[in-house]
Amino acid sequence: MNPYVQYMYSYPHKTAYRRLRGISLEQYVHYLKGGGNGLYVHLPFCQSKCGYCNLFSVTGRQEADVSRYLEALSRQCIQYQQLLNSVQAEFGELIIGGGTPLLLTEQQLDRLFGMLQKHIRFLAQREAVIETAPNQTDARKLGILKQAGVTRVSVGIQSFHDQELRALGRKHQAQKAREALHLLKAADFACINTDFIYGIPGQTVQSLLDSLKEALAFAPDEIFLYPLYLHPGAWLKQRGRDGEETQAFLQYQHGSAFLKSAGYRQDSMRRFVRQSGTRPYQACGFGTSLALGCGGRSYLGNLHFCSPYATAQAECLQRLLEYEQTKDYTQITHGILLSEEERKRRYIIRHLLIQPGLSLDEYQKVFTTAAMEEFPILNDWRKSGYVRLQENHREQKAGFLSLTTEGMGLSDYLGPMLISEEVLALMKTWKA
């Protein structure tokens, strides 16, 4: 068994998206009525392309290129503003990802936050999240983030061993990561997240544990532990594949056990949170998230949309040019319309792979059907010990279907089994 089939961070994957016609944001903006929505801003600029990266990002861009992109982003904000105001849309969460957002200059960061504040309505107590990398983390830019009300900063450390960083194609050294973490701690953000990777060529269980032990000295609020995936479009080529999955899974088992013993609560296969108690249940529903920029993805009811998926530099640059030359950003030309069946699969994936799991009672309220009957595979997983049913006799509810410790570690093996044949066919026939 290969435990690393696919990372199910969303469903369906962008490679299942196709050309759409006759659809505009105006038809779907009602999903954003009121508050509680999420806004994602994509900044696709990086110092270099990491060896494992299959995200929409470009390298080698100059300050003028970024400024031109921000001009397009401003036009998109203005066009969206009127539609958002028509339903009094307010956003409770802002996520700025990439790319490496802090690759922007101080002036460009100021311009970005000013633009969003001018054209988008945010709740008074909104959460604001941004990604960074060690080489791009400095005190002045962190000051801008604090001034803008950023509450969570995620930094890609990946390893505290220079040899492992070189194997990944990372451009920072371990010492630079330490300096970045010192700056982040001094800035006193409400939440600091650190990312680490296991399954790196040459990495051992001990070297992974050494990196995690060093991370704990900075007391990050969250630690994400990712397996190394080498997707199509990533330039890093694996060598000697025999036994690599087994070694990576062993590293995961030791790494997750170590973090839990250090007081971190495991919410998913990847996410570890420094707080006691259990994770409160949060109904994900179907998501109401709007994206700005090229490469960001929006979720409005049964409509998911974004710019066409690309990973290679040439294709990404072409998509970037198309975005900057767009006249009407409210026209939706690429995405997918989810059927009832696909909405059910998405609902299960979004809940089951994150603790406390899938509320069978809530599922029945939403779809008027029983998840365990519609998807017999859930019963198979229960018999195999991958999931457990926690019944709630006091409230006479169906209870939660939750991953066991074994099932949690196999999330990237179990999750892909919920992909429908139709979506799988689209993914297999995708071409850049």
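**Figure 1. Asp 188 in the loop between α6 and β8 of the predicted model.** Asp 188 is found in the loop that runs between α6 (174-187) and β8 (191-198); helices (H or I, at least four residues) and strands (E, at least two) are DSSP runs numbered from the N terminus. Although Asp 188 is not a glycine, its phi is positive, at about 60°. Asp 188 counts as exposed at 57% relative accessibility, where buried means under 20% relative accessible area, exposed over 50% and partly exposed in between (1.4 Å probe, protein chains only). This is a predicted model, in which local features need pLDDT of at least 70 and side-chain atom pairs count only at pLDDT 80 or more, while totals for chains, interfaces and linings use all residues. Residues are numbered from 1 along each chain as its sequence is written, and side-chain values use heavy atoms, with hydrogens and water left out.

**Figure 2. Ala 219 in the loop between α7 and β9**. Ala 219 lies between α7 (205-216) and β9 (222-227). Ala 219 has a positive phi of about 50° although it is not a glycine. With a relative accessible area of 24%, Ala 219 is partly exposed.

**Figure 3. Two cis peptide bonds, Tyr 11 to Pro 12 and Gly 98 to Gly 99**. The bond joining Tyr 11 and Pro 12 has an omega of about -5°, and Pro 12 is found in the segment before β1. For the bond joining Gly 98 and Gly 99, omega is about 20°; Gly 99 is in the loop between β5 (91-98) and α3.

Figure 4. Gln 6 belongs to the segment before β1 (18-24) and is buried, with a relative accessible area of 17%. Beyond its neighbours within four places in sequence, Gln 6 is in contact (heavy atoms within 4.5 Å) with His 13, Tyr 229, Asp 412, Pro 416, Ile 419 and Met 427. Gln 6 and Tyr 229 are 223 residues apart along the chain, and their C-alpha atoms are separated by 8.4 Å. Ser 420, in the loop between α15 (411-414) and α16 (421-428), counts as buried at 2% relative accessibility. Leaving aside neighbours within four places in sequence, Ser 420 is in contact with Tyr 11, Glu 342 and Arg 345.

**Figure 5. The pairing of α2 with α3**. The axes of α2 and helix α3 (residues 106-119) come within 10 Å and cross at roughly 5°; axes are lines fitted to C-alpha atoms, for helices over the stretch in contact, and angles run from 0 to 180 degrees between N-to-C directions. The two helices, α2 and α3, are therefore roughly parallel to each other (angles under 35 degrees count as roughly parallel, over 145 as roughly antiparallel, 65 to 115 as roughly perpendicular and the rest as oblique). Among the residues that meet are Leu 70, Leu 73 and Ile 78 in α2 and Leu 112, Met 115 and Leu 116 in α3.

**Figure 6. Gln 325 in the loop between α9 and β15**. Gln 325 is exposed, with a relative accessible area of 52%. The C-alpha atoms of Gln 325 and Ala 72 are separated by 7.9 Å, the two residues being 253 residues apart along the chain.
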